[in-house]
Amino acid sequence: MEQFTTHTGVGVPLRRSNVDTDQIIPAVYLKRVKRTGFEDGLFAAWRGDPGFVLNDEAYAAGSVLVAGPDFGTGSSREHAVWALQNYGFKVVISPRFADIFRGNAGKSGLVAAQVDEKVVQRLWDLLESEPGATVSVDLESRTVRAGEGPDAIEDSFDIDDYTRWRLLEGLDDIDITLSHDDDIAAYESTRPVWKPATL
Amino acid sequence: MGKTLAEKVWESHVVRSTAGEPDLLYIDLHLIHEVTSPQAFDGLRLAGRRVRRPDLTLATEDHNVPTVDWDKPIADPVSRTQVETLRRNCEEFGVRLHPLGDIEQGIVHVVGPQLGLTQPGMTIVCGDSHTSTHGAFGALAFGIGTSEVEHVLATQTLPQARPKTMAVTVNGSLSEGVTAKDLVLTLIAHTGTGGGQGYVVEYRGPAIEKLSMEARMTVCNMSIEWGAKAGLIAPDQTTFDYIEGRQGAPKGADWEAAVEHWRSLVTDDDAEFDEEIVLDASTMTPFVTWGTNPGQGVPLGGRVPQPEEYDDPQDRIAAEKALHYMALEGGTRMREVKVDTVFVGSCTNGRIEDLRTAAEIVRGRHVAPDTRLLVVPGSVRVRLQAEEEGLDIIFKEAGGEWRGAGCSMCLGMNPDQLAPGERSASTSNRNFEGRQGKGGRTHLVSVPVAAATAIRGTLSSPADLEA
């Protein structure tokens, strides 16, 4: 996995709450068997609307998505994370993420930065009044910054310690777990014999 | 201090626990389907890894499969490639697969319990959010993403941060005609889609204890729709009776040992939950959704809300957007909403009891002229059982369509989709925009409401058929 320390990119205000993973990428786009090429399905239904934020030139190259609460609810499809990444997003900012989405993001290297709802509101206002403005996300200090002068926004974001560490180091979870193979084997030797098996 | 059921199951699966790191949990059963696994198997191949425990892994084909002509090659080439990829992967890595055409094929969350592989006290994962279904047996079961699927394939474990615990206590008992689906839809309207976020939930209380295993599965299935990590119900005699004699169930002395252990899987009297919600089942009525997330629901006897009724500006905007998408006016009586398609099926309500309930209501009646009724069994076993009981004939004589097993119109990955602007009453779990087909409008309902709606053509309960 690629290391992540800081990122600065165009912020995209997505003024919606409860953005479920069916909206991020509808099921009909999930049929590919690789991890790439899902950008065409990203927000597919909404992109048909000329007024949708990503159809505005100023935001089209966005890499920091700023969304309302309960982002990534619903289906466990990691394709939602891949679609965002394939499109070019590095960070999603929201006041609340669904558990599975947040887990998937951490595994795939997309930063899910949880901030106070007021911060999202201020970012939306800024990004809408200055289309194309950038947002900076510093994972080391867990800080999000945007704007300049007296109205500049600077606040902290939440991400769990372990995910932050893995992202900063660019570590693969499976390698870490396989280094504890002895513990796994020891646990397996204690499992009751009546536990079901499929073979 | 005592422990909750969830804590007991969690603690008995910790392989490794270190301060500052998530616990490493052992996984007893890993269920797989064609949509969320190909990239995981690819990852194994790239890294030269094997599946650590193929004997704790089971695959089935469900999301993409057609519900007609299931004996012919899948018509959609992209769906076919995905299904064929699963077949190749299972063969290469030695994983048991129940493919289309096999008697054990079906929706992964219907198949696991049916085979007796879902048992109390287990950890069960699957690359599908409705894995929470298996919690009905007192198992800790949750959906995972594809990276985690790969992790479980390679290590049979998952690093997991310890969730908080919540009790949902449901007192009283459900009235005649009110189902587990109404119970859980009522709960989600109460909590919102994020109310369970970060929690493992235990459903308990007299109303829960009275539910059949299949009804318990309906409740646990929808745990994810209010954001819970998992939802479980303490195992009891109802649970043991369901499991006993099934293919994967322990036999003989092993059965005795297993049941003795399972009886210990209850929350201790002095255990404390981080949060508790108390509901009264006796006040519940048939419940339906009007909006575009499962929390946007009202009693069937109610009206579509007006956006102005919401104090929170976010909720008001969400309601406006939902009403616009659903083409509904605030204030409309739910019973006046006209429906084009009724879908009975899915991992929420596609089991034999559901089909029996639906058949009983449509028996001797006819589907409304402009309405389509689609009945999709959750598994081949469910289909065959229903056919043995003559339920298929009842549906067909009523003008309904009787299909093969799969996820079908719950998510419209196969050809079973709503057309743009088409409105459904669906026994499935999600009413998200476009979920059942681009531009489709979904009302989540119970099985009795679905069946009565098919007959009247507007959202209805069976009581309306008598009027």
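Two strands are taken to pair if DSSP finds at least two bridges between them. Helices (H or I, at least four residues) and strands (E, at least two) are themselves DSSP runs, numbered from the N terminus. In chain B, strand 10 and strand 11 (residues 230–232) run parallel and are joined by three bridges. The structure is a predicted model, in which local features need pLDDT of at least 70 and side-chain atom pairs count only at pLDDT 80 or more, while totals for chains, interfaces and linings use all residues. Residues are numbered from 1 along each chain as its sequence is written, and chains are lettered from A and ligands numbered from 1 in the order in which they are written.

Strand 10 of chain B covers residues 199–204, and six of its six residues are buried, so the strand is largely enclosed by the rest of the structure. Here a residue is buried if 20 or more other C-beta atoms lie within 10 Å of its own, exposed if 12 or fewer, and partly exposed in between, with C-beta atoms placed from the backbone. In a regular strand the side chains alternate between the two faces of the sheet. In strand 10 of chain B, Tyr199(B), Val201(B) and Tyr203(B) point one way, whereas Val200(B), Glu202(B) and Arg204(B) point the other way. Towards strand 11 of chain B, Val201(B) stands opposite Gly231(B). Strand 10 of chain B is also joined by six bridges to strand 9 (residues 164–171) of chain B, and these two strands run parallel. Within that pairing, Val200(B) is the bridge partner of Thr165(B). Strand 9, helix 6 and strand 10 of chain B make a right-handed β-α-β unit; a crossover is right-handed if, with the strands pointing away from the viewer, the path from the first strand over the helix to the second runs clockwise.

Helix 6 of chain B spans residues 180–191 and contains Lys181(B). Lys181(B) is buried because 28 other C-beta atoms lie within 10 Å. Leaving aside residues up to four places away in sequence, Lys181(B) touches Thr218(B), Asn349(B), Ser446(B) and Val447(B); two residues are in contact if their C-beta atoms, placed from the backbone, lie within 7 Å. The C-alpha atom of Lys181(B) is separated by 9.8 Å from that of Asn221(B), which is 40 residues away along the chain.

Chain A has nine helices and seven strands, and its C-alpha trace spans about 65 × 40 × 25 Å along its principal axes. Of its 199 residues, 47% are buried. Among the contacts in chain A with a separation of 6 or more, 71% are between residues 24 or more positions apart.

Strand 3 (residues 91–94) of chain A has Val91(A) and Ile93(A) pointing one way and Val92(A) and Ser94(A) the other way, and all are buried. Strand 2 (residues 64–67) of chain A runs parallel to strand 3 of chain A and is joined to it by three bridges. Strand 4 (residues 111–114) of chain A pairs with strand 3 of chain A in the parallel sense over four bridges. Val92(A) is the bridge partner of Leu65(A), and Ala112(A) in strand 4 of chain A is the bridge partner of Val92(A). Two right-handed β-α-β units include strand 3 of chain A: one with strand 2 and helix 4 (residues 79–87) of chain A, and one with helix 5 (residues 99–108) and strand 4 of chain A.

In the largest nonpolar core, which has 189 residues, Val92(A) and Ile93(A) touch the most other members. The largest share of this core, seven residues, comes from helix 16 (residues 447–456) of chain B. A nonpolar core is a set of buried Ala, Val, Leu, Ile, Met, Phe, Trp, Tyr and Cys residues joined through C-beta atoms within 7 Å. Residues touched by Val92(A), not counting those up to four places away in sequence, include Phe71(A), Leu84(A) and Leu110(A).

Asn18(A), in the loop between strand 1 (6–14) and helix 1 (21–24) of chain A, has a positive phi near 55 degrees although it is a residue other than glycine. Asn18(A) is buried, with 30 other C-beta atoms within 10 Å. Arg142(A), also not a glycine, has a positive phi of about 50 degrees and is found in the loop between strand 5 (134–138) and strand 6 (143–146) of chain A. Arg142(A) counts as partly exposed because it has 17 C-beta neighbours inside 10 Å.
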